[in-house]
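Hi everyone, thanks for coming along.

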Amino acid sequence: MKQIISALPIVFLFLAMLFSPKAVFEGAESGLLLWFQIVFPTLFPFMLISGLMLAGGGINIIARLFGRMFSVLFATSKNGAFAVITGFLCGYPMGAKVSADLVRAGRITQNEGAYLLSFCNNTSPVFIMNFIVWKTLGREDLMIPTLLILVGVPVFLSLLFRRFYLKGEKHFPDVDQKDTNIRKTVDFTMLDACLTDSFESIVNVGLYIIFFSILISLPGNITADNKILAVILPTLEMTNGILMVNRLLADLSVSYPLILGLTSFGGFCAAAQTQCMIKDTGLPFLPYIIQKLTAAAAASLAGALYMRMF
């Protein structure tokens, strides 16, 4: 009986796709174009270079340059600074991927990996400026508050989340590695391995984007009167969801906090990508979802307060 109940959503999805081939095609097409034109050229180079940094020892330079500063700000180890930098600058799901790669490589503890996952897997500033502020909202005066809220909220929450992971320590310990000081030569074998790993990761990201784009397209064009769909659908995939919220809600005092909350959460598509990146690492996924929902609520509240005050 439990098997039948758990299989029902898949059956309903199959029937919906069977009777809505046009919506499936349009959703798959929009998801593919989003991945190919925006996500692939944006993320793939950073996935590749982060892999080369880990494999070639470049992370040691980052640790020396920023390790002490990030240890003071975020209580991370020296190697953990690399995940913070990539997570805040490169966008979903780079924070999760780098944190997972550091755990797999034995460069940080699993506990620190879970802590890094709690606050440094975020939307990139470039996406915030280009897509949210300029393209979607069309309000350059919202540039600074949007950046401050979406960057400041996870930074602030890291002060709270670290209490659950530090267990009384001031910062996470540096992991001793015997081969840390051994010079590694970047050759074509290393490049090939990093290319393969990065390509596999970016393809997985693309497949999730296509799948969730299909889910969004199945109900067709919705209005604000379809309250259940208007609440659920935007949470599936962040990019399409932001456009949907902006289209459905003309009042900026309502849509702006919701867009900030959705961006901070990342949508269920980004959550699925994150779970894919951290597989086989032992990093907990459910706490990550709770932490992202907390960040979404805080960002929405900050956005609502800003709209009311200014």
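Let's start with Arg-139, which is partly exposed, with a relative accessible area of 33%. Before going further, keep in mind that this is a predicted model.

Which residue does Arg-139 form a salt bridge with? The partner is Asp-141, and the closest N and O atoms of the pair are 2.8 Å apart. Asp-141 counts as partly exposed as well, because its relative accessibility is 44%.

How many salt bridges does a search of the whole structure find? The search gives 4. Salt bridges that share partners link Lys-97, Asp-101, Arg-104 and Asp-197 into one network.

Let's walk through part of that network. Asp-101 forms a salt bridge with Lys-97, where the closest N and O atoms are 3.3 Å apart. Asp-101 also forms one with Arg-104, and there the closest N and O atoms are 3.0 Å apart.

Now find helix α5 on your screen. Lys-97 and Asp-101 both lie in this helix, 4 residues apart, which is about one turn. Arg-104 and Asp-101 are 3 residues apart in α5, so about one helical turn separates them too. Here is a handy rule for your notebook: an α-helix has 3.6 residues a turn, so residues three or four places apart point the same way.

Are Lys-97 and Asp-101 buried or exposed? Both of them are buried. For Asp-101 the relative accessible area is 13%, and the cut-off for buried is under 20%. Arg-104, on the other hand, counts as partly exposed, because its relative accessibility is 42%.

Next, step back along the chain to helix α4, residues 80–90. Of its 11 residues, 9 are buried, so the helix is largely enclosed by the rest of the structure. Among the buried ones you can pick out Phe-82, Val-84, Phe-88 and Cys-90. And what covers them? The cover for the buried residues of α4 includes α2, α3, α5, α6, α7 and α8.

Just after α4 comes Gly-91, which takes a positive phi of about 90 degrees. Gly-91 sits in the loop between α4 and α5. Gly-91 counts as buried, because its relative accessibility is 4%.

Which residues is Gly-91 in contact with, leaving aside its neighbours within four places in sequence? They are Leu-43, Thr-86, Asn-122, Thr-123 and Ser-124. Now look for Phe-127, 36 residues away from Gly-91 along the chain: the C-alpha atoms of these two are separated by 8.0 Å.

For the last stop, let's look at a pair of helices, α8 and α12. Their axes come within 10 Å and cross at roughly 40 degrees. That angle makes α8 oblique to α12. The crossing in which α8 passes α12 is right-handed.

Who makes the contact? On the α8 side the residues are Pro-145, Thr-146, Ile-149 and Leu-150, while α12 brings Tyr-256, Leu-260, Thr-263 and Ser-264. Sorted by class, this contact has 5 nonpolar and 3 polar residues, with no charged ones.

Conventions: Residues numbered from 1 in each chain as written. Predicted model: local features only at pLDDT ≥ 70, side-chain atom pairs only at ≥ 80, totals over all residues. Heavy atoms only, no water. Buried < 20%, exposed > 50% of the residue type's maximum accessible area, 1.4 Å probe, protein only. Helix = DSSP H or I, 4+ residues; strand = E, 2+ residues; numbered from the N terminus. Contact = heavy atoms within 4.5 Å. Axes fitted to C-alpha atoms, helices over the stretch in contact; angles between N-to-C directions. Parallel < 35°, antiparallel > 145°, perpendicular 65-115°, else oblique. Left-handed = near helix turned anticlockwise from the far one by under 90°. Nonpolar A, V, L, I, M, F, W, Y, C, P; charged D, E, K, R; others polar. Salt bridge = Lys/Arg side-chain N within 4 Å of Asp/Glu carboxyl O.
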